[in-house]
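Reader: Could you walk me through reading a protein model, feature by feature? I am happy with cut-offs, so please include them.

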Amino acid sequence: MNSVPPSLSRFPDADTPLLNDVPDETKGPIDLRAVWSAAYRNRVKLLITVIVAMLLGLLITFLSTPIFRADALIQIDQQAAQILAGTDVEPSESILDGDRFLQTQIDVIKSRTLARQVAESSGLYRNNSFLEKMHVKPAAEPRGSYNLVQTRREQVVDALQKNLDVELPVDSRIVTISFSSPDRQLSAQVANSFADSFIVSNIQRKFNTSAYARRFLEGQLGQTRQRLEESERAQIAYARSAGLIDASSGSSEGQSSGPKSLTTANLIQLNQAYSQAVSNRIMAEQRWREASGTALLNQPEVLSNAAIQVLIQERAKAQAEYAQNAKRYLSGYPGQTQAAAQIDTLNNQISRIASGIRDGVRQQYQIALSQEKALERDLDKLKGTTLTEQGRGVQANILRREVDTNRALYDALLQRYKGVSATAGVSSNNVSIIDRADPPIVPVSPRLLLNLALALFTGLLLGIGYVVLREHFDDAIRSSEDVETELGTSMIGLVPMLAAGQSPNAELQKVRSETSEAYYALRAALELATPTGAPHSLMVTSTGPSEGKSTTSYALARGFAQIGRRVILIDADMRKPAQHRNLELPNKFGLANLLARQATLQEVLQHTTTPNLDFISAGPLPVNPAELIAGLGLATLIEQIKDDYDIILVDAPPVLGLADAPTLASHVDATLFVVQANHARGRQARIALTRLKAARAYVVGALLTKFDAKVIGHSTDYGYSYSYGQPDTRS
């Protein structure tokens with residue numbers, strides 16, 4: 001047969017949903033309804049998980065040992081250890097690097113070295129009482145390369161570090177050193193010991209730095225002094241071998257000018273004398289030139305001579321007397337003659353003295369000229385000697401600079417060493433205790449409320465994890481959404497779960513019951529399933545047994561018959577027939593006899609009490625029902641009765657495990673797939689649908705039966721409620 005019978009050639013494709021795809025506006029990125037449904041379905045397990053977690057939290061709280069925490073506050077200032085003014089033995093920390101500096105100090109407090117100092121200073125190594133108070137079992141045998149004593153010491157250090165907590169608030173230099181233990185006195189003692197040991201360690205570290213600086217400077221001073229002595233010896237030895245005499249030995253330290261050798265000193269002095277001699281010669285020459293070109297008595301040197309001045313005065317007086325007497329006496333007068341002779345004598349004396357003065361000027365010039373020439377000869381000779389000495393002085397200058405360098409380095413190191421030695425043992429401490437730790441009164445753990453909150457959170461987390469895993473691996477079909485998502489087909493109807501003690505047949509007899517209304521809705525959906533109305537031949541099957549397919553077949557047959565359709569119901573489940581009980585008819589002869597050609601149609605056809613409804617029971621259970629159905633008898637039967645009935649309903653056995661349903665599906669126009677809510681598994685139902693489609697069956701839709709909205713956490717399922725118009729049964 002074709003995959004779709006000719007009478008259904010205008011039906012929608014099998015993969016096309018029969019219900020309108022109406023978007024659910026209540027859904028978002030997270031389906032809260034699905035979340036609530038999953039939680040509601042697993043509410044008991046969630047509650048048990050939370051209760052167990054809370055009980056465990058209470059048990060842990062009451063069984064836990066109280067832990068006391070003591071806090072000591074210290075202030076750490078960022079400053080360098082100033083050993084000498086203007087110099088630092090330790091490098092100074094930048095103000096902008098304060099966070100790193102403080103974090104370094106915190107790491108020092110947490111270090112294993114400081115923990116060992118605390119254990120040593122507090123006497124925690126002496127016995128095992130500290131380990132016993134900390135509930136640490138002392139080691140019974142050595143570990144690794146340690147002996148037993150060292151192993152227990154390491155246990156003490158481990159316990160100190162494990163229970164130590166150091167906190168530094170933001171924008172603060174107040175560090176909190178906390179220690180937790182079961183003994184309140186021990187907590188305070190250890191916290192204070194950490195603070196004290198850190199201060200001592202800080203000072204000791206700076207003192208060690210200063211001591212190291214002194215030892216380093218001592219070594220450098222010894223090496224520098226030795227180099228200075230060697231360089232001085234080398235300089236003196238070279239000067240002696242080269243014949244160099246240092247004329248600057250007496251000069252002040254740091255003097256940059258002055259002669260460096262005796263020859264240079266002599267050259268400088270001789271050059272100065274030569275310059276003076278040239279100056280003197282020029283002056284003497286100028287005086288002589290003036291004296292030789294000027295009248296003898298007009299020369300300034302003559303006029304300024306005291307003897308000349310006296311003689312001139314006397315001559316003037318004698319001449320005055322001679323002129324006075326000439327008025328009375330003749331020139332031959334003895335007195336006049338004597339006066340004239342006196343005047344001549346004075347003139348001769350003046351002339352002789354003036355000539356002597358001029359000769360003195362000439363002699364001074366000649367002496368200055370002779371001195372200049374002598375000094376010039378000596379200067380030329382000394383210049384050659386100096387140039388020769390300068391060639392030998394290059395190496396001397398190199399040795400001199402080396403001596404100066406070594407002396408300057410030695411002086412600087414010596415000054416530094418004196419300063420460090422003077423301040424040895426003096427260290428500035430940048431750590432101070434703000435609050436010492438007091439024995440705590442209230443334990444910090446266990447905390448009942450916190451433990452209960454954590455237990456509640458853990459219980460919820462475990463419960464949610466269980467629900468998530470269970471929902472992930474549980475593919476049970478519970479709602480209409482599951483039908484569409486798990487099976488890939490549309491849901492054509494929904495039948496609610498009956499209350500305990502209710503009979504399906506009894507509920508179908510009630511016209512306004514929820515069961516009757518549900519099947520009325522299914523009947524209407526089948527009427528609208530195709531353009532030509534309900535399928536002419538319809539098979540009802542399910543994945544497994546007891547999912548409600550027999551009840552559905554009976555309800556549909558009865559419903560179509562009640563609206564005037566000629567209906568025949570065929571019970572094709574020849575392994576577990578049930579329709580004869582629903583209709584209260586005998587099952588002596590039925591489909592099995594008809595397919596085995598042991599009876600005719602008239603012999604197996606039964607009329608029911610419901611008008612327009614005929615019935616063919618399954619008959620006695622055959623040995624080979626699959627072979628009977630696989631034969632041509634069923635196709636012949638449907639062809640024979642198709643003109644006599646408007647609706648042919650076939651109640652088929654389940655799909656899985658049997659070959660009957662796929663074979664039957666190939667002989668009918670459409671198949672109604674029944675799924676029991678909260679029972680059928682998605683994987684099994686998909687396999688069943690795959691088998692039906694492999695047999696070219698047209699699945700008109702899925703019917704969700706035995707649906708209980710309260711089980712999955714909904715009052716109703718997306719508006720499927722059939723209580724409208726029901727009598728109010730509330731008291």
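Author: We will go through a sheet, one of its strands, the nonpolar cores and a helix.

Author: This is a predicted model, where local features need pLDDT of at least 70, side-chain atom pairs count only at pLDDT 80 or more, and totals for chains, interfaces and linings use all residues. Residues are numbered from 1 along each chain as its sequence is written, and side-chain values use heavy atoms, with hydrogens and water left out.

Reader: What is the strand order in the open sheet of eight strands?

Author: Strands (E, at least two residues) and helices (H or I, at least four) are DSSP runs, numbered from the N terminus, and two strands pair if DSSP finds at least two bridges between them. Here the order is β5-β12-β11-β6-β10-β7-β9-β8, with mixed pairing. The edge strands β5 (491–496) and β8 (605–607) each pair on one side only. On average, neighbouring strands are turned by 25 degrees against each other, direction ignored. Helix α16 (residues 549–562) packs on this sheet, touching strands including β6 (537–542) and β10 (647–651), and its direction makes about 165 degrees with that of β10. Contact means heavy atoms within 4.5 Å; axes are lines fitted to C-alpha atoms, for helices over the stretch in contact, and angles run from 0 to 180 degrees between N-to-C directions.

Reader: Which strands pair with β6?

Author: β6 runs parallel to β10, joined by four bridges, with Leu649 as the bridge partner of Leu538. With β11, β6 pairs in the parallel sense over five bridges, and Val540 stands opposite Leu672.

Reader: Are the faces of β6 covered or open?

Author: Buried means under 20% relative accessible area (1.4 Å probe, protein chains only). Both faces of β6 are covered, with Ser537, Met539 and Thr541 buried on one side and Leu538, Val540 and Ser542 buried on the other.

Reader: How many residues does the largest nonpolar core have?

Author: In soluble globular proteins, nonpolar side chains tend to be buried together. A nonpolar core is a set of buried Ala, Val, Leu, Ile, Met, Phe, Trp, Tyr and Cys residues joined through side-chain atoms within 4.5 Å. The largest has 48 residues, and Ile570, Leu637, Phe673 and Leu704 have the most contacts inside it. Apart from it lies another core of 36 residues, among them Ile76 and Ala159.

Reader: What span should helix α6 have?

Author: The expected span is 1.5 Å times one less than the number of residues. The 15 residues of α6 (residues 148–162) should therefore span 21 Å, and the end C-alpha atoms are 21 Å apart, which agrees. Buried residues in α6 include Thr151, Val156 and Leu160.

How values were computed:
Buried < 20%, exposed > 50% of the residue type's maximum accessible area, 1.4 Å probe, protein only.
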